[in-house]
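Hi everyone, thanks for coming.

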Amino acid sequence: MKSVLFSRFFILLPWILIVIIMLDVDTRKPAPPLTPRPYFSPYMAGRGGARLPLRKGGPESGPGRSSQKSNESGPHPPPQPEPPLPTIYAITPTYSRPVQKAELTRLANTFRQVAQLHWILVEDAAARSELVSRFLARAGLPSTHLHVPTPRRYKRPGLPRATEQRNAGLTWLRQRHQHQRAQPGVLFFADDDNTYSLELFQEMRTTRKVSVWPVGLVGGRRYERPLVENGKVVGWYTGWRADRPFAIDMAGFAVSLQVILSNPKAVFKRHGSQPGMQESDFLKQITTVEELEPKASNCTKVLVWHTRTEKVNLANEPKYHLDTVKIEV
Ligand code: UGA
Ligand code: MN
């Protein structure tokens, strides 16, 4: 009898082991995705950021436990569903040059740390380049890759840049949202050579219509900024063309998706536009100075810099005897 039991036990043993192993594998955490998840910093508002407890009721409070009044020791009311975090759409015009990949790398490293950001990268080119396509595919960011060439007649010093590319981004945004207006979103024009703090995205995320803030290293000054009195923009601190209706750089404002959708004709214009006036020409179509929402502590903090990358010195590039391998830079 004993030996029968023993032999049964040994027949069953491998099966028991297999079941134990399977259960163990099932309960393990899934492997992390290959594309990196956005890292959430304490700077970010809303989901993922280190938030102040906006409502009473900790994570342990659940349905069915909320009938009593909330107090320090008692049960808490159920958590309210969080409103969706507005998506930040960053439109970046970009063009081929030796520093392009370096600039895009710097930008992606910033954007990857911002929750719910969609990058609209618009190449100034007749077709999507391999370099940018490969780069975006590995960037680990929700993105859209567009292209439109600047007509040759507009590629001259002294003329505004990236008009067609920003408009292509606007067109894409309007098409994407033509049937789903309810989704909250914020649009921001993010040139590829500027420097952006993470705090800037926290500020712009709460844009109701059009928000503004200071920009560092621009207009021949350490910074330009909107002047604010009693929470309203009343003028501009600038050293360049103070007569501009909105004396602000492209990096100094954000627009809610709702405003972009309800002003379907608002675009950047070539006709009659001078450099430095593109921002004013665009903003005039969608808002007034009185309506602007000052951000960054009533426009007293610089959270974005109009850095410009020095033209790279390639004087020693060889014409002959090139490297034996082709390397993308
Ligand atoms: C300033 C403003 O900050 C820009 O927003 C504005 O577009 C520009 O002036 C202007 O004159 O139109 P600045 O640093 O002089 O900026 O301009 P860039 O940084 O050279 O260009 C702005 C954006 O357009 C960049 O993202 C750049 O990659 C892109 N760009 C520039 C093109 O797509 N094509 C070009 O031929 C040149
Ligand atoms: Mn620039």
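So, the manganese ion, ligand 2: its protein donors are D193 (OD) and D193 (OD), lying 2.1 to 2.6 Å from it. Donors here are N, O and S atoms within 2.8 Å of the metal (3.2 Å for Na, K and Ca), and water is not among the atoms, so sites may look incomplete. D193 sits in the loop between β4 (185-189) and β5 (195-196).

Quick housekeeping: this is a predicted model, where local features need pLDDT of at least 70 and side-chain atom pairs count only at pLDDT 80 or more, while totals for chains, interfaces and linings use all residues. Residues are numbered from 1 along each chain as its sequence is written, chains are lettered from A and ligands numbered from 1 in the order in which they are written, and side-chain values use heavy atoms, leaving out hydrogens and water. Helices (H or I, at least four residues) and strands (E, at least two) are DSSP runs, numbered from the N terminus.

Now the sheet. Seven strands make an open, mixed sheet, in the order β3-β2-β1-β4-β10-β6-β11. At the edges are β3 (143-147) and β11 (293-294), each pairing on one side only; pairing takes at least two DSSP bridges between two strands. β6 (residues 210-212) and β10 (residues 253-256) are antiparallel, with three bridges, and V210 stands opposite V255 in β10.

What about helices? α2 packs on the sheet, touching β1 (87-94) and β2 (117-123), where contact means heavy atoms within 4.5 Å. Over in α3, L131, V132 and F135 meet Q100, K101, L104, T105 and A108 of α2.

Conventions:
Axes are lines fitted to C-alpha atoms, for helices over the stretch in contact, and angles run from 0 to 180 degrees between N-to-C directions.
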